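Please keep the sequence and the picture in view while reading.

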Amino acid sequence: MIKKVHFVRHGQTIYNSLKKIQGSSDISLNEVGIKQAKDFNINKNYDLYIHTGLKRSEETLDLILNDKNIKKEKEVLLQERGYGIFEGLKDEEIKEKYPDLFEKWKKNENVLIDKAENIENVVNRIKKFIKKITINNNKNIFVVTHSGVLYS
């Protein structure tokens, strides 16, 4: 059976607008993000609608669907990568607090960051999700996730 999975990134949050590392911090949409989600046109002929459980993902999906009767599922395998000690900081703050680590991170995004998840773990979570959806009966799946997952 052929399956189609459409991935969409959540709407903007205050952290996005301030250029702060968001990671797995549970941040709600800001006014721009709310408008982005409301303006998103979707063909509601999907078998399954998924959010990641983080507020920004769930809020985006709720606003896109604008229908309380559509069943939605939470899938934590598609949550954003945790950035550990970098979360909530802007690049210049990271550079100031952790100058050596900042330089290494800019050269290799998968550098070891205290309390952060490495990209390999994110990829493994995505693979688990793919395996999981291959065995269900849904043919058309709509997912609201995060840029780190999409990048990975």
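## Strand E4 and its partners

In this predicted model, Val144 of strand E4 is the bridge partner of Val8. That pairing belongs to a set of 6 bridges between strand E1, which covers residues 4–9, and E4, and the two strands run parallel. Another of the pairings with E4 joins Lys4 to Asn140.

E4 also pairs with strand E2 (residues 48–51), again in parallel, through 3 bridges. Here the bridge partner of Leu48 is Ile141 in E4. Strand E4 itself spans residues 140–145 and is mostly covered, since 5 of its 6 residues are buried.

## The sheet as a whole

Strands of a sheet pair through backbone hydrogen bonds, and they may do so in a parallel or an antiparallel way. In this model, 4 strands make up an open sheet with parallel pairing, and their order is E1-E4-E2-E3. Because E1 and strand E3 (72–74) each have a single partner strand, they stand at the edges, and one side of each is left without a neighbour in the sheet. From one strand to the next, the twist averages 25°.

A helix accompanies these strands: helix H3, made of residues 55–65, lies across E2, E3 and E4, and it runs at about 130° to E4.

## Aromatic pairs

How many aromatic pairs does a search of the whole structure find? The search finds 8. One of these pairs is formed by Phe7 and Phe129, whose ring centres are 6.3 Å apart; because their planes stand at 65°, and an angle over 60 degrees counts as edge-to-face, the pair is placed in that class. The pair links distant parts of the chain, for Phe7 is in strand E1 while Phe129 is in helix H6 (residues 119–134), 122 residues apart.

Phe7, at 37% relative accessibility, counts as partly exposed. Elsewhere, ring pairs link Phe40, Tyr46, Tyr49 and Phe142 into a cluster.

## Charges over rings

Rings also take part in another kind of arrangement, in which a charged side chain is placed over a ring. Arg81 lies over the face of Tyr83, at 4.5 Å from the ring centre. Lys106 lies over the face of Trp105, where the distance from the ring centre is 4.5 Å.

How values were computed:
Residues numbered from 1 in each chain as written. Predicted model: local features only at pLDDT ≥ 70, side-chain atom pairs only at ≥ 80, totals over all residues. Heavy atoms only, no water. Buried < 20%, exposed > 50% of the residue type's maximum accessible area, 1.4 Å probe, protein only. Pairing = 2+ DSSP bridges. Phe/Tyr/Trp six-rings, centres within 6.5 Å; stacked < 30°, edge-to-face > 60°. Lys NZ or Arg CZ within 6 Å of the ring centre and 35° of its normal. Axes fitted to C-alpha atoms, helices over the stretch in contact; angles between N-to-C directions. Contact = heavy atoms within 4.5 Å.
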